[in-house]
Amino acid sequence: MDRFISQAGLGSRTEARSWIGAGRVTVNGKKIQTPDVWVDPEHDRVAVDGRPLRSSAKLYLLLYKPKGYLTTYKDPEGRRTIYDLLGGIPERVFPAGRLDQDTTGLLILSNDGEFTDYITNPDSKVPKTYLVKSSQRLSDEQLDQLRQGVVLSDGPTRPALVNRVRDSEKYTFFEITITEGRNRQVRRMVEALGAKVLKLVRTKIGNIEIGSLEIGKHRELTLEEVKGLVI
């Protein structure tokens, strides 16, 4: 059932399970509270909060998130969110992973819950590439630690691909590609080296790069780009 709701574009499978557990979902007028219920989309009537579920056209977006925007639908403090940048989108879409308020770069959003779950699942190993400005010059040995994996509070990280871009008098700029998606992972990896991240930009997801996309703007992914992410 959670998969059915997710495929209809109403939310992720995690959200669907919470709605089911809260008794907000009915099948043919009967409340259900287990996500294991099987439904026939041709004959069963599924509703959430009394509203019939309808299938939505699948939508896949790429957004170049600016600094200062939250990756959330609403903020109780009234701060700006990525949805302030998505005016005119006919369907509600959900981010495949998050970027913190101070991080810029690429976000993928979709109303296809299975797709967003795949992108965010660490088992899928979808690579994400970031450009990092560190608070100090980093040695080759420190960058090698990132390549080998560092130990964080939630366990060791997978080995990362790391390329030094350039050094200034005080800072190191480097590119890092990871295949996980832990909270603030790149920032915490750099902190494990005794430094801090001064600037962080996600430049690539899978084979999808920023290209000519302007900051604060979005575009639809092509069918080839979508297929390239899930293969």
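This is a predicted model: local features need pLDDT of at least 70, side-chain atom pairs count only at pLDDT 80 or more; totals for chains, interfaces and linings use all residues.
Residues are numbered from 1 along each chain as its sequence is written, and side-chain values use heavy atoms, with hydrogens and water left out.

Of the 231 residues of the chain, 46% count as buried (under 20% relative accessible area, with exposed meaning over 50% and partly exposed in between; 1.4 Å probe, protein chains only). The chain holds six helices and 15 strands (DSSP runs of H or I over at least four residues, and of E over at least two, numbered from the N terminus).

In helix α2, which covers residues 13-21, the buried residues are Ala16, Trp19 and Ile20; they lie on the same side of α2, because their arc around the axis is only 100 degrees (taken from the directions from the helix axis to the C-beta atoms).

Two aromatic pairs are present (rings of Phe, Tyr and Trp, the last by its six-membered ring, with centres within 6.5 Å; planes under 30 degrees apart are stacked, over 60 edge-to-face, the rest tilted). The rings of Tyr60 and Phe115 have centres 4.9 Å apart and planes at 80 degrees, so this pair is edge-to-face; Tyr60 belongs to strand β5 and Phe115 to helix α3, 55 residues apart, and both are buried.
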